[in-house]
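Dear colleague,

I am handing over the structure below, and my notes on it follow directly after. Please read them alongside the coordinates.

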Amino acid sequence: MSEEQKKVHKFSTTMDDFVRFLVAKTDDSKCPGCGSKSWTVIGSDETQMAYRMVTPMRDGPTPTYLNFFGIYCNECGFVRQHVARKVKQWVDENPVQEQLELEEISDDDLE
Ligand SMILES: [Zn+2]
């Protein structure tokens, strides 16, 4: 499948980027329900995008919406959510640096 310029939401994030966020921010965190450290990202296997879940909120005439991404515990099913704006902000500030894998690192670079 070619790269498609679909309309995506400004907070859309790949599952890989969401996982990078989770490792950076919450690595090794335990499930508050059962203590397991085994989680599954809620997303699409087909598109590799994290599902952006939306909750309408209303305290006035116009509803507003909270966007978030989720993971669930593989043992007890506890669902954990992270606000999409925070995830996207971190991803934008911490892009994948693929070029580093292509460069040879010599001992001189490690001073
Ligand atoms: Zn659990």
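On one side of α2, Asp 92 and Glu 93 are exposed (over 50% relative accessible area, where buried means under 20% and partly exposed in between, with a 1.4 Å probe and protein chains only). On the other side of this helix, which spans residues 84-93, Ala 84, Val 87, Trp 90 and Val 91 are buried. These four cover an arc of only 130° around the axis, taken from the directions from the helix axis to the C-beta atoms, and therefore lie on the same side of α2. The buried residues of α2 pack against α1, β3 and β4 (contact means heavy atoms within 4.5 Å); helices (H or I, at least four residues) and strands (E, at least two) are DSSP runs, numbered from the N terminus.

This is a predicted model, in which local features need pLDDT of at least 70 and side-chain atom pairs count only at pLDDT 80 or more, while totals for chains, interfaces and linings use all residues. Residues are numbered from 1 along each chain as its sequence is written, and side-chain values use heavy atoms, with hydrogens and water left out.

The zinc ion is coordinated at 2.3 Å by the SG atoms of Cys 31, Cys 34, Cys 73 and Cys 76, donors being N, O and S atoms within 2.8 Å of the metal (3.2 Å for Na, K and Ca). The arrangement is tetrahedral because the 4 donor atoms subtend angles of 100 to 116°, the criterion for four donors being that all angles lie between 85 and 135 degrees. Along the chain, the donors follow the spacing C-x2-C-x38-C-x2-C.

Best regards

Terms used. Four donors count as tetrahedral if all angles lie between 85 and 135 degrees; four count as square planar and six as octahedral if opposite donors are over 155 degrees apart and all others between 65 and 115; anything else is irregular.
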